[in-house]
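Let's take a walk through a protein model, a few residues and helices at a time. Have a look at the picture first, then read on.

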Amino acid sequence: MIRTPRLILRLPEAADRPALYAMWADPEVMADLGPVKDAAASDAVLAKHDSYRREGLGFWTVERAGDGAVVGFCGLKRGDMHNPIAGEVEAGWIIARPYWRQGYAHEAMAAALDWGWANTSERRIVAITAAANLKSQALMEKLGMSRVPGGDYEHPLFPVGDRLKSTVTYAIARPA
């Protein structure tokens with residue numbers, strides 16, 4: 001568990017499922033991330049992140065400390081094998097729409113990066129997003145990440161012509 005001034009990052013629990021499922025089913029939340037998810041696809045996301053736990057990785061539920069509201073899902077995982085960042089530690093986040101523009105993504109991800117430096121030996125942590133996802137790119141830059149020269153690619157899971165296919169890579173080096 002990770003605590004910040006306003007948030008708790010913790011392992012997902014069964015009671016989190018309705019809030020997480022609603023977030024992944026929200027077309028506005030998923031607009032720059034990929035297709036909306038039904039319950040089965042949401043279960044698959046949770047199972048995938050459980051598979052990273054053996055090495056201490058996998059995204060956490062983002063809970064607001066004051067009232068226990070589930071505001072999102074974030075953390076670190078291994079880059080998927082179909083991407084150029086395969087095997088690297090990858091940062092990612094998603095915040096439910098009622099909690100946008102309140103600084104929760106930045107607060108959670110700054111804590112996740114700190115955790116990553118303290119608990120892994122990685123020389124850098126990477127993040128990817130659609131080139132069209134300017135909000136995520138702005139957060140990456142606010143977190144101290146820089147766009148990786150030569151790191152742009154066509155994401156293999158999106159069809160030709162999909163606005164999310166063109167993907168950019170950002171990275172942050174281990175602090176000295």
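Where is the place of Ala108? Ala108 sits in helix 4.

## Before we start

What you see is a predicted model, so local features need pLDDT of at least 70 and side-chain atom pairs count only at pLDDT 80 or more, while totals for chains, interfaces and linings use all residues. Residues are numbered from 1 along each chain as its sequence is written, and side-chain values use heavy atoms, with hydrogens and water left out.

Helices and strands here are DSSP runs, numbered from the N terminus (helices are H or I with at least four residues, strands are E with at least two).

Helix 4 covers residues 104-119. The expected span is 1.5 Å times one less than the number of residues.

Back to Ala108: it is buried, with a relative accessible area of 1%. (Buried means under 20% relative accessible area, exposed means over 50%, and partly exposed is in between, using a 1.4 Å probe and protein chains only.) Other buried residues of helix 4 include Tyr104, Glu107, Met109, Leu113 and Trp117. Leaving aside neighbours within four places in sequence, Ala108 is in contact with Leu7, Leu9, Val62 and Cys74, where contact means heavy atoms within 4.5 Å. Thr129 is 21 residues away from Ala108 along the chain, and their C-alpha atoms are separated by 18 Å.

Helix 1 (residues 17-24) and helix 3 (residues 39-51) pack at an angle of about 110°, with their axes 10 Å apart. Axes are lines fitted to C-alpha atoms, for helices over the stretch in contact, and angles run from 0 to 180 degrees between N-to-C directions. Helix 1 and helix 3 are therefore roughly perpendicular to each other; that label covers 65 to 115 degrees, with under 35 roughly parallel, over 145 roughly antiparallel and the rest oblique.

Who does the touching? On the helix 1 side, the contact is made by Arg17, Leu20, Tyr21 and Trp24, and on the helix 3 side by Ala39, Ser42, Asp43, Val45 and Leu46. These contact residues divide into 6 nonpolar, 1 polar and 2 charged. (Ala, Val, Leu, Ile, Met, Phe, Trp, Tyr, Cys and Pro count as nonpolar, Asp, Glu, Lys and Arg as charged, and the others, Gly among them, as polar.)

Is Lys165 buried or exposed? Lys165 is buried, with a relative accessible area of 13%. You'll find it in the loop between strand 8 (153-154) and strand 9 (166-173). His155 is 10 residues from Lys165 in sequence, and 5.0 Å from it in space, C-alpha to C-alpha.

Val36 belongs to the loop between helix 2 (27-30) and helix 3 and is partly exposed, at 44% relative accessible area. Not counting residues up to four places away in sequence, Val36 touches Trp24, Ala25, Asp26, Pro27 and Met30. Arg101, in the loop between strand 5 (89-95) and helix 4, is exposed, with a relative accessible area of 71%. Its phi is near 60°, a positive value in a residue other than glycine. Most residues other than glycine have a negative phi.

Ala130 lies in strand 6 (residues 124-130) and is buried, with a relative accessible area of 7%. Ala130 and Leu164 are 34 residues apart in sequence and 5.0 Å apart in space, C-alpha to C-alpha.
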